[in-house]
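Open the model in your viewer and keep the selection panel handy.

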Amino acid sequence: MPDTQIVHLNGAFLPIGEAKISVLDRGFIYGDGVYEVIPVYKRAPFRMAHHLRRLQYSLDGIRLANPKDDAAWDELVRALIARQPFDDQAVYLQVTRGVAKRDHAFPKGAAPTVFLMSNPLPLPTPEQVAHGVAAITAEDNRWHRCDLKTTSLVGNVLMRQLAADVGAVETVMFRGGWLTEASASNVLIVKGGKIAAPPKDHQILPGITYDASVEFARSAGMPIDIRPISREEALAADEMWLSSSTKEVIAITTLDGRPFGSGVPGPTFRRMYAAFQSHKPPGSRRV
Ligand SMILES: Cc1ncc(COP(=O)(O)O)c(C=O)c1O
């Protein structure tokens, strides 16, 4: 993105090249902050209320007061969207505990840092939708509050890099033999036409796209179970999908270097993909 891309920092809209924060910002020093990524189709935020609810949940989880109410966030996100030259966007929104002398305990009186930027929405390519993507598996060694969308992401970064190292798009994780999620996506499986997804506990991010997929499946009459999924069950599934705000739903067709399931996106994935597309605003990019 050019240096002139307009972002928002602490009350001002300015070119990204001019947006500066202190080296003492606790987001920089400790990863002491939370964030959201909101997909935008044709300049309309998708499931904004859900994202703002999860933002509040993450802020509560790190004991940081929300600097804005939902109406103010809504207005700010829309104002940022309006300043971009492209229609389909991914709004990134971050709140940190602000700037203070380095000390682990919460600072008194620091103002939170609020930063937003918006980039073109990097949806999967038509080839990825048609043929699926490659993923690998790894043991989930992250902390035990993966339900909070914090900016402390080095655990996820290391997991994603394992996939990048072998040219795969994601790392599907298991903790003690149970499916959790992937480095930046939720994971759903299908066996015998029945969808299953792990419960939204502290081990996974409560994905907005996960919720949307569950909702769309139920309204389309597709059977779906929310329950713990063992590694054995996951690896023996007919289909495995990733879900996220920037991936929507995408099928995993290669796992750990071998074809997964039938090696092509399965029939249940294709139904879910179609359901997902039908819930986007009319005229949104479809593959
Ligand atoms: C670890 C992790 N899990 C799941 C997701 C999917 O969440 P959402 O559907 O809200 O994008 C993300 C999104 O970035 C993520 O980082």
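Here is a short tour, one selection at a time.

Before you click, note that this is a predicted model, in which local features need pLDDT of at least 70, side-chain atom pairs count only at pLDDT 80 or more, and totals for chains, interfaces and linings use all residues. Residues are numbered from 1 along each chain as its sequence is written, and side-chain values use heavy atoms, with hydrogens and water left out.

**Stop 1: the whole chain**

Show the chain as a cartoon and you can trace eight helices and 15 strands (DSSP runs, H or I of at least four residues for helices and E of at least two for strands, numbered from the N terminus). The chain is as compact as a globular protein of its length, because its radius of gyration is 19 Å, close to the 19 Å that the globule rule gives for 287 residues (taken over C-alpha atoms; the rule is 2.2 Å times the number of residues to the power 0.38). Along the principal axes, the C-alpha atoms fill a box of roughly 55 × 45 × 35 Å.

**Stop 2: the ligand**

Now select the ligand and the residues around it.

Next, display the side chains of R54, T209 and K149. A polar side-chain atom of T209 is 2.5 Å from a ligand oxygen, and one of R54 is 2.8 Å from a ligand oxygen. For K149, a side-chain N or O atom sits 3.3 Å from an oxygen of the ligand. Taken alone, the ligand exposes 390 Å², and the protein buries 92% of that (Shrake-Rupley areas, 1.4 Å probe).

**Stop 3: Y57**

Finally, move to helix α2 (residues 48–61) and pick Y57.

Leaving aside residues up to four places away in sequence, Y57 touches R145, D147 and L148 (contact means heavy atoms within 4.5 Å). Draw a distance between the side chains of Y57 and D147 to find a polar contact of 2.6 Å (a pair of N or O atoms within 3.5 Å, one able to donate a hydrogen and the other to accept it).
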